[in-house]
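Let's look at this structure together and ask what stands behind each word used to describe it.

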Amino acid sequence: MNLLSYVELDTQLLGKFVDKKKDHDSAKRSIKYLTLHLRFEVDMVAYSLCEFGGGESERRELQAYRESHFPLLVERLKNSTSPISPMVLRKMGRCPLTPEEAALVLVGLGFKHGTYVYLAGSGIFGADSRMNPFTKLYPNVITKEDFLARLLPMNLNLLRIFILR
């Protein structure tokens, strides 16, 4: 695949999210991007039994979610003779990374501030308050909802052209 093809691919994938003049520099380089599936949805967070710094209100919210969505887990915990503390679970590496922690890992791996990040996870637990630190380190975040909203009109136009043939 030649350099021009990479630029075309970037434009197709990123569409309106790319500033062509600034980012492509007249087709001399392609844009670096990565796809990240943040598994920090409420179901994953609740099932993990970990704590994420949200205090008593977060603990109550996650416990209520567990009781309504994971009754067998709650029953097993009630019958357990030696429950594992959230701190021990975290030390064992059994807690999902928060968006803040995921951003720090990306920085540690060498991903630059301008990297485009396609965020596959949706319904991030804690929403904006959890995502703000991530988007400060990586402002070019594109969610799957953003991406699909961009692709849907394009695909509908292609479908119309195909049907009218």
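Q: What should I know about the model and its numbering before we start?
A: This is a predicted model, where local features need pLDDT of at least 70, side-chain atom pairs count only at pLDDT 80 or more, and totals for chains, interfaces and linings use all residues. Residues are numbered from 1 along each chain as its sequence is written, and side-chain values use heavy atoms, with hydrogens and water left out.

Q: How many helices and strands does the protein chain have, and what counts as one?
A: The protein chain has nine helices and three strands. Helices are DSSP runs of H or I with at least four residues, strands are runs of E with at least two, and both are numbered from the N terminus. From that end, the order is α-α-β-α-α-α-α-α-β-α-β-α.

Q: What makes a residue of the protein chain buried, and what percentage is buried?
A: Buried means under 20% relative accessible area, exposed means over 50%, and partly exposed lies in between (1.4 Å probe, protein chains only). Of the 165 residues in the protein chain, 28% are buried.

Q: Why is α7 called roughly parallel to α8?
A: The axes of α7 (residues 99-108) and α8 (residues 127-137) cross at roughly 20° and come within 7 Å. Because angles under 35 degrees count as roughly parallel, over 145 as roughly antiparallel, 65 to 115 as roughly perpendicular and the rest as oblique, α7 is roughly parallel to α8. The axes here are lines fitted to C-alpha atoms, for helices over the stretch in contact, and angles run from 0 to 180 degrees between N-to-C directions.

Q: What makes α4 roughly perpendicular to α5?
A: The axes of α4 and α5 (residues 71-79) come within 5 Å and cross at roughly 110°. That value falls in the perpendicular range, so α4 is roughly perpendicular to α5. Gln63, Arg66, Glu67 and His69 of α4 meet Pro71, Leu73 and Val74 of α5. This contact divides into three nonpolar, two polar and two charged residues.

Q: What makes a set of residues a nonpolar core, and which members of the largest one touch the most others?
A: A nonpolar core is a set of buried Ala, Val, Leu, Ile, Met, Phe, Trp, Tyr and Cys residues joined through side-chain atoms within 4.5 Å. The largest has 23 residues, and Leu36, Leu38, Val117 and Phe134 touch the most other members. At least two residues each come from β1 (33-36), α3 (42-48), α4 (55-69), α7, β2 (116-119) and α8. The largest share, three residues, comes from α7.

Q: How do you know whether leucine 36 is buried or exposed?
A: Its relative accessible area is 18%, so leucine 36 is buried. Leucine 36 is in strand β1, and its C-alpha is 6.1 Å from that of tyrosine 118, 82 residues away in sequence.

Q: Why is leucine 119 called buried?
A: Leucine 119, in strand β2, has a relative accessible area of 4% and is therefore buried. Leaving aside neighbours within four places in sequence, leucine 119 is in contact with residues including Leu36, Leu38 and Met131.

Q: Is phenylalanine 40 buried or exposed, and where does it lie?
A: Phenylalanine 40 lies in the loop between β1 and α3. Its relative accessibility is 0%, so phenylalanine 40 counts as buried. Phenylalanine 125 is 85 residues apart from phenylalanine 40 in sequence and 5.9 Å apart in space, C-alpha to C-alpha.

Q: Why does alanine 127 count as partly exposed?
A: At 41% relative accessibility, alanine 127 falls in between the cut-offs, so it counts as partly exposed. Alanine 127 is in helix α8, and its phi is near 40°, a positive value in a residue other than glycine.

Technical notes
Contact = heavy atoms within 4.5 Å. Nonpolar A, V, L, I, M, F, W, Y, C, P; charged D, E, K, R; others polar.
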